[in-house]
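Good morning, colleagues. Please keep the display in view as I speak.

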Amino acid sequence: MSFAALRERFGARFSTAEAVRGHHGKDATFHAPHPPDAVVFPETVEEVQAIVRACHESGTPIVPFGAGTSLEGHIGALDGGITIDLTGLDRIREIHDEDMTCFVEPGVTRKRLNEELRATGLFFPIDPGADASLGGMVATGASGTNAVRYGTMRENVLSLEVVLPDGRLIRTGTRARKSSAGYDLTRLYIGSEGTLGIVTGIHLRLYGIPESIASAVCAFPSVDAAVDAVILTIQSGIPVARIELLDEVQMDACNRYSKLEYAASPHIFFEFHGTPAGVAEQAEATGAIAQEFGGSDFAWSTTTEERNRLWQARHDAFFAAIALRPGSEGWPTDVCVPISRLAECIAETRADLASAPFPTPIVGHVGDGNFHVIFVIDTEDAGEVRIATELNDRLVRRALAMGGTCTGEHGIGYGKMHFLEDEHPSALPVMRLVKRALDPKNIMNPGKIVRL
């Protein structure tokens, strides 16, 4: 099927307009735009299959698109071709409240899903900050602020419906909570970034809305003290739902941007879920640990409005960081290390960042060893880009040397492909074999994760 045939079939839902193409070729960060040749807006699984079959026959590259909030160049059409915008596949097909599962299409966003679930007493906890589409969250293996208690997308997707590169449709599993039947194709597609197929349906694990929720903010005299408190909290087995670190630079930025009034010092944002008695017990134990490391008394946010304001400020940390330097762009990077090496990794990273000529705030989901550095740079200044690149390279290699990973949640895209070669030298050839077997024409998001 040619572009003309696609235009005839999809009408106004097929676009070659420069503005539409530009929007679909740029992610949320500094990565250079790579617009596709055309964008198609299917509304059914059958339409996705038809587009994929046509592209398979002609060898046309395909880039799936959700909300466009990814961070490592995942959506850039490096070889041109067609972007398939999946926002029209936005139905919540099934809610099985008795089984605590649901089946949704990829264009459903996490916020909309939770709005629909509220009446059932259930919620979906994975919260990467942006109101990402659930299909995009599958594609990048997203996690976020709740991961320390509820896990990531890998732990919370039961099965998938996927359109293969030749247009066939498969189901990777069932609604059952566990299975040992055959290869785990579900986990193969989680984090595959659209390079092996297009996710068109997702079975998700749901949770009961906690009876009691309380959020607290605690100031620390240093980042080292804050991280040490987090490590002991995790090692003590306290089931904290959220543990988020903001260093003094990031805290100051959030104060300015979100109109908060905390001291410009390192802080940990905590959240506790459970029964009223359970929350009180968790908070008491965590507070005692924090005080051992010089932490302040907890500043509590117990009403829904207060909690929402606090966590919105945390989710807006990226924008707050950019606002420190008007006219700049943000380059958010992330690594994840074993929790026992977290304090060492952050300390060495902060020492390395001290000479940077631009802001480098640190924020992180430190309860699972994952943290971010945001390079706030002038992308027109080649010197700044070079310095940020060198700092990022050293950060990733530091994490790898400590038994960590080059990305805890952002994914590979094309921005971190070269690090994958260092992290998985023996497994990368196997990844290429999988890619060649499923996508021999290399039409699915080419130029991402692995080079063929």
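In this predicted model, D247 and R350 form a salt bridge, with 3.5 Å between the closest N and O atoms. Because D247 sits in the loop between β13 and α10 (248–258) while R350 belongs to helix α14 (residues 342–353), the pair ties together parts that are 103 residues apart in sequence. The two partners may be described in turn: D247 counts as buried, at 2% relative accessibility, and R350 is partly exposed, with a relative accessible area of 27%.

How many salt bridges does the structure hold? There are 26. Another of them joins R242 to D127, where the closest N and O atoms are 2.7 Å apart. This pair also links distant parts of the chain, 115 residues apart: R242 is in strand β13 (residues 242–246), and D127 is in the loop between β7 (122–123) and α5 (134–140). Both R242 and D127 are buried.

A further salt bridge connects R175 with D99, at 2.8 Å between the closest N and O atoms. R175 is partly exposed, its relative accessible area being 32%, and D99 is partly exposed at 35%.

I turn now to helix packing. Helix α9 (residues 223–235) packs against helix α11 (residues 276–292) at an angle of about 145 degrees, and their axes are 9 Å apart. The crossing is right-handed. From α9, the residues A229, L232 and T233 meet T286, I289, A290 and E292 of α11. Of the residues in this contact, 4 are nonpolar, 2 polar and 1 charged.

Definitions and conventions: Residues numbered from 1 in each chain as written. Predicted model: local features only at pLDDT ≥ 70, side-chain atom pairs only at ≥ 80, totals over all residues. Heavy atoms only, no water. Axes fitted to C-alpha atoms, helices over the stretch in contact; angles between N-to-C directions. Helix = DSSP H or I, 4+ residues; strand = E, 2+ residues; numbered from the N terminus. Left-handed = near helix turned anticlockwise from the far one by under 90°. Contact = heavy atoms within 4.5 Å. Nonpolar A, V, L, I, M, F, W, Y, C, P; charged D, E, K, R; others polar. Salt bridge = Lys/Arg side-chain N within 4 Å of Asp/Glu carboxyl O. Buried < 20%, exposed > 50% of the residue type's maximum accessible area, 1.4 Å probe, protein only.
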